[in-house]
Amino acid sequence: MPDGELADVFDGVHDEVPEALAEHLRTVSLIDHHVHGTFDKPVDRAGFEASINEGSTDPVPDFMTQFDSPLGLSIRRWCAPVLGLPAHADADAYWKRRSELSPDELSSLMLPLAGVQRWVVDTGFQGDLITTPERLTELSGRPSSVILRLERLAEELLESGTDPDDFPAAFRGALAEAARSPETVGTKTIAAYRCSFDIDWSRPSDAQVIEHARALAAGPSTRLDSPVLIAFGVYEAADCGLPIQVHVGFGDRDLDLHRTDPMLLLPLLRAMPPVPVLLLHCYPFHRQAGYLAQAFDHVNFDVGLGINYLGVRSIGLVAEALETAPFAKQLYSSDAFGPPELHLLGSVLWRRAMGVVLGGWVRAGDCSESDAIRIVDMTGTHNATRVYSL
């Protein structure tokens, strides 16, 4: 991160982070392998506070503010100085200063400070509210790649009039076209939201797929929640050789959290072609994800999203994520959506957590400082480069 533009991420923990490791973490350029765009229209305070609360879709109650949360504290600590305010400026002062800047000004100010060399962008959710990958590149000065959401692709085919009898071939054709595009580097399934993981993950026949496509096309909505069609999409993406991101764990309240434990994916992981699988977010199932990454060569994971929402406790989350899985199977992501504060904070908190955790290992004699720096590079950059063939 550029000197003089952002408070030192190791402020208060200097004694815990060896200097060479700290300097490397300050300057390493990350690949954010799962992220969304920033808001491209102004939001009021209620909208902003709603956007820094992952679980609820209700308005923030009058008796509280989302600034009084682990994420809210982190915004006031790390983003207030970017706006020219003292660290820990109160919520009203922060909001007053933030409101003086346009969405583009906020993004242009905060995105470069994240120290990201490439954004790998999921465009499948509320694309009308946020910047496109192209605009994210313009505002940050860094290139973007695209993740294709499998459920949305299926919905768009049916919404555009694809005959259900032709659906399997049309889906395969669209995937093949995406695989040829240099911008598209992977796919994603949101099975966690649509049917959870405790389903039949065996590969469906085309006849089954057509039957379920007919039912979906004939229904009142094309919102895809059929386990058959979701399993079909995952297997077809794997056949194309495209990496597959899978939302795991923590998310909005319209998923059944207890049914998104990644251990429920074991039948799929054992049966599918061994293309890279990226288990996203994973909290509070990050230890299960670490086991799966250790057990299956094609499984990788991150703890993005949880890092921002745990705030200062993200140090503990990163420590637990490093317990089991090989370091070559872990990636950095922010899963930021909307406020550019989240794109910045994901980076700040990850760098800080890696410094404290790995620094403790170095000081205890459990690894060398060069080992720690190599782990940072693998997780922050090299693993994403390999998995997505960047």
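**Ser 196 and its neighbours**

I began with the contacts of Ser 196, taking a contact as heavy atoms within 4.5 Å. Leaving out residues up to four places away in sequence, I found that Ser 196 touches Ala 191, Asp 256 and Arg 259. I placed Ser 196 in the loop between α9 (191-194) and α10 (206-218). Helices here are DSSP runs of H or I with at least four residues, strands are runs of E with at least two, and both are numbered from the N terminus.

Is Ser 196 buried or exposed? Its relative accessible area is 3%, so I noted Ser 196 as buried. My cut-offs were under 20% relative accessible area for buried, over 50% for exposed and partly exposed in between, with a 1.4 Å probe and protein chains only.

A note to myself on the source: this is a predicted model, where local features need pLDDT of at least 70 and side-chain atom pairs count only at pLDDT 80 or more, while totals for chains, interfaces and linings use all residues. Residues are numbered from 1 along each chain as its sequence is written, and side-chain values use heavy atoms, with hydrogens and water left out.

Next I looked at helix packing. Two packed helices are described by the angle between their axes and the distance between the axes. The axes are lines fitted to C-alpha atoms, for helices over the stretch in contact, and the angles run from 0 to 180 degrees between N-to-C directions.

I started with α7 (residues 150-159) and α8 (residues 167-180), whose axes come within 10 Å and cross at roughly 125°. That makes α7 oblique to α8. For these words, under 35 degrees is roughly parallel, over 145 roughly antiparallel, 65 to 115 roughly perpendicular, and the rest oblique. I noted the crossing of α7 and α8 as right-handed; this is the word if the near helix is turned clockwise from the far one, and left-handed is used if it is turned anticlockwise by less than a right angle. On the α7 side the contact uses Leu 150, Leu 153, Ala 154, Leu 157 and Leu 158, and on the α8 side Phe 167, Ala 170, Phe 171, Ala 174 and Leu 175. I sorted the contact residues of α7 with α8 into ten nonpolar, no polar and no charged. Ala, Val, Leu, Ile, Met, Phe, Trp, Tyr, Cys and Pro count as nonpolar, Asp, Glu, Lys and Arg as charged, and the others, Gly among them, as polar.

Then I turned to α8 with α10, which pack at an angle of about 100° with their axes 9 Å apart. That makes α8 roughly perpendicular to α10. Phe 167, Pro 168 and Arg 172 of α8 meet Asp 206, Val 209, Ile 210 and Ala 213 of α10. This contact of α8 with α10 has five nonpolar, no polar and two charged residues.

From α8 I listed Phe 167, Pro 168, Phe 171, Arg 172 and Leu 175, and from α11 Leu 229, Phe 232, Gly 233, Glu 236 and Ala 237. I count seven nonpolar, one polar and two charged residues in the contact of α8 with α11.

**A closer look at α11**

How many of the 13 residues of α11 are buried? I found eleven, so noted α11 as mostly covered. Glu 236 is one of the buried residues, with 6% relative accessibility. Not counting residues up to four places away in sequence, Glu 236 touches Phe 171, Arg 172, Leu 175 and Arg 203. Just after α11, Gly 241 takes a positive phi of about 80°.

I found a cis peptide bond between Tyr 283 and Pro 284, with omega about 5°. Pro 284 sits in the loop between β6 (277-281) and α13 (286-295). Cys 282 is also placed in the loop between β6 and α13; its phi is near 70°, a positive value in a residue other than glycine. At 0% relative accessibility, Cys 282 counts as buried.

His 88 is not a glycine either, yet has a positive phi of about 70°. I placed His 88 in the loop between α3 (70-79) and α4 (91-98).
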